[in-house]
Protein chains: 2
Amino acid sequence: MKIPQHPEPFDTVCETMNALGARGRAAAATLRNASSESKNRAILAAADALRARTREVLSANAADVAAAQASGLNAAFIDRLSLDAKRVEAVARSLADIAALPDPVGRELARWTRPNGLDIARIATPIGVIGMIYESRPNVTADAGALCLKSGNAVILRGGSECIRSAAAIHAALVDGLEQAGLPADAIQLVRIQDRAAVGVLLAGLNGTIDLIVPRGGKALVKRVQEEARVPVLAHLEGICHVYVHRHADPEMARAIAFNAKMRRTGICGAAETLLIDKAVLHSHGLPILGDLAEAGCEIRGDGAVRAAFPAARPATEEDWRTEYLDAVISVRAVDGVDDAIAHIETYGSHHTESIVTADAGAAERFLAALDSAIVMWNASTQFADGGEFGMGAEIGIGTGKLHARGPVGVEQLTTFKYVVRGTGQIRP
Amino acid sequence: MKIPQHPEPFDTVCETMNALGARGRAAAATLRNASSESKNRAILAAADALRARTREVLSANAADVAAAQASGLNAAFIDRLSLDAKRVEAVARSLADIAALPDPVGRELARWTRPNGLDIARIATPIGVIGMIYESRPNVTADAGALCLKSGNAVILRGGSECIRSAAAIHAALVDGLEQAGLPADAIQLVRIQDRAAVGVLLAGLNGTIDLIVPRGGKALVKRVQEEARVPVLAHLEGICHVYVHRHADPEMARAIAFNAKMRRTGICGAAETLLIDKAVLHSHGLPILGDLAEAGCEIRGDGAVRAAFPAARPATEEDWRTEYLDAVISVRAVDGVDDAIAHIETYGSHHTESIVTADAGAAERFLAALDSAIVMWNASTQFADGGEFGMGAEIGIGTGKLHARGPVGVEQLTTFKYVVRGTGQIRP
């Protein structure tokens, strides 16, 4: 593919981007009433095309990886970017999983009849055109493309410049699938302009053609999107997730959940960042947990009580309670019961996912009811905050806003609805 | 009440407004878990207080009306602004109706169990703090306040300066109700600063305390809100509603629906603005409709075919198809079947409400499926586009956006949800 090497004039960027919007809007009108069968056929054909194009995808990816290495990007970044034959096969299987999901479009969400005989139904419909902005994971190209297609939406994908060759190769497979199913190729478009201004134009809504923006990536990206977008955004800025060990927690359960919530994978948004422990069980329940974490190489930052009980802990600052480490670091605070834990989370949390460990149903229900987070858990690891784990199939992201959808955003959350009213000649008195 | 007569310094406006936001946020934390009983008691007590304060409300309203007359505002405006004892009683009854609605908070929207035993429930929760911006109807103060309270949300009401005395008197009754039920008085706050800058500060989100803005009023107000708001907005800019008379329509039904859709009340958003008639029945079905409308004083603006059939029609311009008259004027176009009607509506409509009149179920279902409007109807008047008529009780507004809620916005639509996950010690593999 041709990658523009020099920034283009702003007018050219606008024109090119707005043309993508217009083509997406036209494709969306077709997709809105596309059959489940044709959408699934396109996704399955894309999976086959991806397998057939494996060499091409790996060669494009090798070029991306070489460029990233030449730019001095770190090992974690290179790992997220890198594909091999096994990963390509996993992407193809993920497409097949999305094809196997029930079609979210056309679901009857509610239906009732009015005393005057009007029959009113609330029916799930696609949102329209979605702008997806992501960073270096090439598989997002396939997942986001297929999730949007499954939900009847056109999508405009804008991947990070570091993965653009890989994204283009995967995108070609998606277009193969669309064409084989007789669906418009513009249903899944890829932004090829690497100019940063292209993102700004996308965030402005491409002349009113974009209905929703989904950013997926680091905090800087999400923050820019939330600040600049002139259209609705589904996203979470950060996941400052809490595990609260209540004084009536089973100590072994608390130990297993706290360790898993922090250490299973430290870089995902559902990873715990702060551990709250009831003062009454700081020694009995807390010390084994802190010992496990320290032994696994996790840095512990505690308040005074925690440091008194576990001297290896470094002091936690006010800033620590507000920090999403996404790393093997945890802040730990001793609290005075469930209300104190709730107050801490409401003050410092990011309304993503919080879990209480306790055998006391009353304390658990108080915690679950009082917190204003997208996901609240009882006796489970915060790492379950994931569309796949929720049984939604794949997810395009996780939302912590209040409107439309919170938590994992899967194909159902990529739909809106309309009211269909059937009458027999009713006029309003 | 004291009404500031001179614009205040911008810093003072910001400080005062942001303080309203902080108090609203604190009230919302209490309301989130308030019992249905206490919310209903507050609303019913407010209705009683409003009745008890009738003289005070009417006296405040008389001052508003006198000021509006002195400013030379027109008769329609004065009518919307004016209260009498009967209207005050209607407002009180509307409060009682809202109290009688089922509590939308805590509804279990979905629940399922995962293979690993995790029990996942999607539970309706309040949104938080809502900013309500409206114009001259004093009853909106009571309706919006009670709808937000019923749905567990704190609200900050900003009424037009022309109704501020009436709004303040009604607001006092709402606060009486909150206090009698032991709920925070800050659950329903009224902006008393008349400075236009106050609206700008509200639209910026009051330091992150506002979760949603609902504007209700004319197009200029809604446009400003949509353009300036930095938080989500639920609204409709305009309702360019269509009635389409298909060639298989029952002529008498078409006549009754078209007349009602246009003329029952011309100033509401669900009023029809454009009539589409199949060419094949332009004479048989169309002429009686146009005759009825003309006789009732409705101005008709037609395309060439319509004017040939009905010479009294004035010529419709391109602009007419995009115009929400909110008056006794209608644009009329002859079309070639259902696909032509759909194309017209998608090109010129505002995605509010459209109705097809036909005895042909196939044509009707095609119309209902193809259109991307919040409400699509078959054999019914577009004037049914209303929360009360939909059986939702009162509505705070009607939305035509794609996200969160479309169509009438009642108490259910003023909630969001969270996931409550109950486990028995599950950790993620």
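Which handedness does the crossing of α3(B) and α7(B) have? The crossing is right-handed, where right-handed means that the near helix is turned clockwise from the far one by less than a right angle, and left-handed that it is turned anticlockwise. This is a predicted model, in which local features need pLDDT of at least 70 and side-chain atom pairs count only at pLDDT 80 or more, while totals for chains, interfaces and linings use all residues. Residues are numbered from 1 along each chain as its sequence is written, and chains are lettered from A and ligands numbered from 1 in the order in which they are written.

**Chain A overall**

- Chain A has 14 helices and 16 strands; helices (H or I, at least four residues) and strands (E, at least two) are DSSP runs, numbered from the N terminus.
- With a radius of gyration of 24 Å, close to the 22 Å that the globule rule gives for 429 residues, chain A is as compact as a globular protein of that length. The radius is taken over C-alpha atoms, and the rule is 2.2 Å times the number of residues to the power 0.38.
- Along the principal axes, the C-alpha atoms of chain A fill a box of roughly 70 × 65 × 40 Å.
- Of the 429 residues of chain A, 55% count as buried. A residue is buried if 20 or more other C-beta atoms lie within 10 Å of its own, exposed if 12 or fewer, and partly exposed in between, with C-beta atoms placed from the backbone.
- Among chain A contacts between residues at least 6 apart in sequence, 73% join residues at least 24 apart. Two residues are in contact if their C-beta atoms, placed from the backbone, lie within 7 Å.

**Helix packing in chain B**

- Two packed helices are described by the angle between their axes and the distance between the axes.
- Helix α3 (residues 54-70) of chain B packs against helix α7 (residues 164-180) of chain B at an angle of about 165°, with their axes 7 Å apart. That makes α3(B) roughly antiparallel to α7(B).
- Axes are lines fitted to C-alpha atoms, for helices over the stretch in contact, and angles run from 0 to 180 degrees between N-to-C directions. Angles under 35 degrees count as roughly parallel, over 145 as roughly antiparallel, 65 to 115 as roughly perpendicular and the rest as oblique.
- The contact uses B:Glu56, B:Val57, B:Ala60, B:Asn61, B:Ala63 and B:Asp64 of α3(B), together with B:Arg165, B:Ser166, B:Ala168, B:Ala169 and B:Ile170 of α7(B).
- By class, the residues of the α3(B) contact with α7(B) are six nonpolar, two polar and three charged. Ala, Val, Leu, Ile, Met, Phe, Trp, Tyr, Cys and Pro count as nonpolar, Asp, Glu, Lys and Arg as charged, and the others, Gly among them, as polar.
- The axes of helix α2 (residues 36-52) of chain B and helix α6 (residues 139-150) of chain B come within 9 Å and cross at roughly 165°. That makes α2(B) roughly antiparallel to α6(B), and the crossing is right-handed.
- On α2(B) the contact is made by B:Lys39, B:Ala42, B:Ile43, B:Ala46 and B:Leu50, and on α6(B) by B:Ala142, B:Ala146, B:Leu149 and B:Lys150. These residues are seven nonpolar, no polar and two charged.

**Interface of chains A and B**

- 52 residues of chain B are in contact with 52 residues of chain A.
- On the chain B side, the elements that give two or more residues are α10 (251-263), α14 (361-370), β13 (375-380) and β16 (415-426). The largest share, eleven residues, comes from β16(B).
- The side of chain B that touches chain A has 26 nonpolar, 15 polar and eleven charged residues.

**Individual residues**

- A:Val335 is found in strand β11 (residues 329-335) of chain A and is buried, with 23 other C-beta atoms within 10 Å. Leaving aside neighbours within four places in sequence, A:Val335 is in contact with A:Leu276, A:Asp278, A:Lys279, A:Asp340, A:Ala341 and A:His344.
- A:Ile396 is found in the loop between β13 (375-380) and β14 (397-399) of chain A and is buried, with 26 other C-beta atoms within 10 Å. The C-alpha atoms of A:Ile396 and A:Arg216, 180 residues apart along the chain, are separated by 8.1 Å.
- A:Asn207 has a positive phi of about 60° although it is not a glycine. A:Asn207 counts as partly exposed, with 14 C-beta neighbours inside 10 Å.
- B:His351, also not a glycine, has a positive phi of about 60°. B:His351 is found in the loop between α13 (338-348) and β12 (353-357) of chain B and is buried, with 23 other C-beta atoms within 10 Å.
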